[in-house]
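Work through the following exercises with the sequence and the 3D view side by side, and try each task before reading its solution.

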Amino acid sequence: MKKFICLILMLLLVSGCSFKGEYKVDIKKNKEVNFGITIAFDDQLLDYFIDLYGNSGQDYTDEQRWEMVENLIIEENGQSPIDCGFVSSKYETDEYKGMVFTKTFSSIDDLVSDDAYLNFNKLTNTEDIKMFTNNDGVYSLKMYYEGSEDESSINSYMDFKLIITLPDEPIQNNATTVSEDGRTLTWDLTKLTSKDFILDFKINAIPWNYIYIGGGLLLVVVFLLIASSYMKKKGKIDVSKMPKGIKKNSDKTKKKNNSTNQDVSKKESINDLKIDDEVLDSLNKPVGNNDDEVVNLAMVDSYKSTKAPIKKDKTTKGLFNFDEQNNENK
């Protein structure tokens, strides 16, 4: 890698072309690490490299330039990142052509070693990238970069950065720039004053156990509320929301039940009156002499208003007594 960088520096000094190298480390709360490396060249620089391989004086196609990109990264570097488990894809803008290599580590602990102190130039060709230490939950970046003596003169032609994104703000760092939220730190290697990268941070892991317990309790509470609401509504029927046919039948049933209840209440009120059976029988019998005339039950009211009740052994004189008239004539 160092030979590769020196070659680029030499060409940049001669040609004034530009080079882009960007290394990204994205650390998640679950400790997953997404690693990405972008290496790209502008067309003019690629043409200079093609000239070095003996094809000077020609107009080069994009196909030849892409072939040179692969040769520069793989052959000149000595080992392809693909051989170390990285996945490659093309990187192309109006200014650059290059390759992007990505790799995901299930845990940052895969990148931890007690004696970690990694040379930045070996990030692309090292299978075991041990770049962190862990001291009681505090992770520290242990990596250094040794720049060339000629770099200061070509910094304006280089875009060379290390970008690390954390789940939380770091404890300390010596990054060149820091994002507004304090979680993304960028080291511009063309402006790095110290050869060591300084970064200490913690990862506040998600407390899944508490989340599961809280979620379970919430489900229980919701179930109890629904059950309580159902029990309150059980047995209650909202007639206004019933279909018309059912509502009419319901009204008829209510009226029938009301009339039945009234009849029952009337019967109960009569039965509650303690009337002697003989009195009831007498009300159903004719009143008066059997031989003379029979007073209808309708005369009961006049009977009640009479001060002296009519005696059964006396006969009532009529308005016309034919027997007395006969006796006088005699």
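A charge sits over a ring if NZ of Lys or CZ of Arg is within 6 Å of the ring centre and within 35 degrees of the ring normal. Keep in mind that the model shown here is predicted.

**Exercise 1.** Find which lysine lies over the face of Trp66, and at what distance from the ring centre.

*Solution.* Begin at the ring of Trp66, over whose face Lys90 lies, at 4.6 Å from the ring centre. Then turn to the ring of Tyr144, where the charged end of Lys195 sits over the ring, 5.6 Å from its centre.

**Exercise 2.** Describe the aromatic pair that Trp187 and Phe197 form, and explain which parts of the chain the pair ties together.

*Solution.* A pair of aromatic rings is described by the distance of the centres and the angle of the planes. For Trp187 and Phe197 these are 5.9 Å centre to centre and 80° between the planes, and the pair is edge-to-face. Finally, check the burial, for which the cut-off is under 20% relative accessible area: Trp187 is buried at 0%, and Phe197 is buried at 3%.

**Exercise 3.** Name residues that touch the most other members of the largest nonpolar core.

*Solution.* This core has 52 residues, and those that touch the most other members are Ile27, Phe120, Met131, Leu162 and Phe197. Taking Met131 as an example, and leaving aside residues up to four places away in sequence, its contacts include Val25, Phe35, Leu111 and Met143.

Notes
Residues numbered from 1 in each chain as written. Predicted model: local features only at pLDDT ≥ 70, side-chain atom pairs only at ≥ 80, totals over all residues. Heavy atoms only, no water. Core = buried A, V, L, I, M, F, W, Y, C linked by side-chain atoms within 4.5 Å. Buried < 20%, exposed > 50% of the residue type's maximum accessible area, 1.4 Å probe, protein only. Contact = heavy atoms within 4.5 Å. Phe/Tyr/Trp six-rings, centres within 6.5 Å; stacked < 30°, edge-to-face > 60°. Helix = DSSP H or I, 4+ residues; strand = E, 2+ residues; numbered from the N terminus.
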